[in-house]
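Thanks for coming. I have one structure to go through today, and I will keep to two parts of it. Please have a look at it first.

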Amino acid sequence: MNIIDELEWRDAINQQTDAEGLRALVSEKSISLYCGVDPTGDSMHIGHLIPFMMLKRFQLAGHRPVILIGGATGTIGDPSGRQTERHLQTMEQVQKNVDALTAQMKKLFVNDGDTGLRMVNNYDWTSTLTILDFLRDYGKNFSVNTMLAKDIVASRLQTGISFTEFSYQILQSIDFLHLYKEEDVQLQIGGADQWGNITSGLDLIRKKEGPEAKAFGLTIPLMLKADGTKFGKTAGGAIWLDPKKTTPFEFYQFWANTDDRDVIKYLKFFTFLTKEQIDELEAKVTTEPHKREAQRVLAEEMTKFVHSEDALLQAQKITEALFSGNIKSLTADEIEQGFKDMPTFHASRETKNIVDWLVDLGIEPSKRQAREDITNGAISLNGDKVDDPNMDVTTSNSFDGRFIIIRKGKKNYSLVKLGE
């Protein structure tokens with residue numbers, strides 16, 4: 001299957017600058033292409049993954065991808081999709097973010113011994129530009145009228161845009177020109193909000209290299225959930241790729257809880273499953289929705305890809321323990337992952353009667369209620385029912401001296417952290 005045909009089947013194409021020309025080009029030879037990300041933070045979230053998954057598909061089809069980390073553009077700030085100015089970060093923070101994103105990209109997309117994917121940093125060629133070179137060699141090729149008409153700028157004219165962010169599209173255009181000349185890059189891909197920046201780069205290439213220069217742009221659709229809300233956002237915030245920001249268990253649960261209306265779209269965008277495999281899962285969404293097999297496969301594929309096979313097994317273990325109520329097999333680290341967003345209380349390590357302990361923590365409103373719930377078998381400690389109101393709670397009841405899990409009723413879990 002031609003890579004363009006595959007992207008069309010996956011509903012992964014929003015706009016192309018020359019659809020027929022690009023199809024012919026990728027059919028006749030292997031090409032170099034790139035996608036970039038700015039180091040505005042020290043981790044990507046799952047929304048950032050979308051164009052890079054497409055970049056990987058090009059690689060699997062025999063093409064040569066380049067990942068650009070925007071060490072230069074990240075100091076400026078892309079105005080795309082924003083109504084206010086970005087807060088400029090220090091150069092030291094930008095460099096820390098560059099290092100973090102570079103490591104993250106290598107983990108995801110550069111396999112051991114894999115020389116088919118290159119990584120570059122636009123700071124390497126932008127930092128040597130003088131202001132006069134910038135204005136004479138590049139600024140002269142940009143019409144302010146044309147720049148004002150770009151959606152990324154036009155949408156900001158009411159609220160205001162600084163010259164710094166206004167100039168962003170020139171910097172990104174310089175990137176495309178540089179990679180076209182130095183790395184033989186003929187295609188830039190990006191999110192739907194990058195269309196204006198990409199077409200500006202193509203204009204610069206043709207002005208500098210001639211109107212017959214073969215360069216192309218392709219954007220990925222803006223992804224919205226079936227309910228119309230933005231993909232990748234939850235009540236707790238973004239779903240990060242960094243396991244310290246979003247644990248593998250939380251990551252797994254995000255995908256496992258995907259709406260039936262969205263799951264096939266996500267399988268097409270984010271996994272490398274074949275058309276036949278996805279078609280089979282799509283049929284099961286219709287005939288056996290209660291089994292949620294498509295969601296399970298999606299969660300497994302994404303957790304393995306972003307984290308590891310071991311992280312997936314751990315996430316599945318935590319999931320099963322929470323579902324069954326049998327949490328005794330979990331380690332303290334697994335407890336920390338699985339109960340991260342549960343109601344959390346803090347207690348000392350001193351031995352205490354369980355009735356007093358529950359009331360002092362605020363898990364029970366009164367001693368009478370605590371005794372009643374214990375007598376009725378409504379209280380479990382680390383998965384074991386408590387039936388004796390005279391029982392003492394000690395560190396021996398904890399996970400590695402760090403946590404105690406209280407369950408009240410069938411579903412109300414509380415995490416108790418033990419201090420000094």
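**A hairpin, its neighbour strand, and a helix pair**

I'll begin with the hairpin: β14 and β15 form it, with three residues between them. In that turn, Gly409 has a positive phi of about 80 degrees. Bear in mind that this is a predicted model.

Strand β9, residues 344-347, is joined to β15 by four bridges, and here the two strands run parallel. In this pairing Ala347 is opposite Leu418 of β15.

So much for partners. Is β15 mostly covered or mostly open? Mostly covered: the strand spans residues 412-418, and five of its seven residues are buried.

On to the helices. Helix α13, residues 260-270, packs against helix α15, residues 293-306. The angle between them is about 35 degrees, and their axes are 10 Å apart. The crossing of α13 past α15 is left-handed.

Which residues make the contact? From α13 they are Asp260, Val263, Tyr266, Leu267 and Phe270. From α15 they are Ala294, Gln295, Leu298 and Met302. Sorted by class, the contact has seven nonpolar residues, one polar and one charged.

Conventions: Residues numbered from 1 in each chain as written. Predicted model: local features only at pLDDT ≥ 70, side-chain atom pairs only at ≥ 80, totals over all residues. Heavy atoms only, no water. Buried < 20%, exposed > 50% of the residue type's maximum accessible area, 1.4 Å probe, protein only. Pairing = 2+ DSSP bridges. Axes fitted to C-alpha atoms, helices over the stretch in contact; angles between N-to-C directions. Left-handed = near helix turned anticlockwise from the far one by under 90°. Contact = heavy atoms within 4.5 Å. Nonpolar A, V, L, I, M, F, W, Y, C, P; charged D, E, K, R; others polar.
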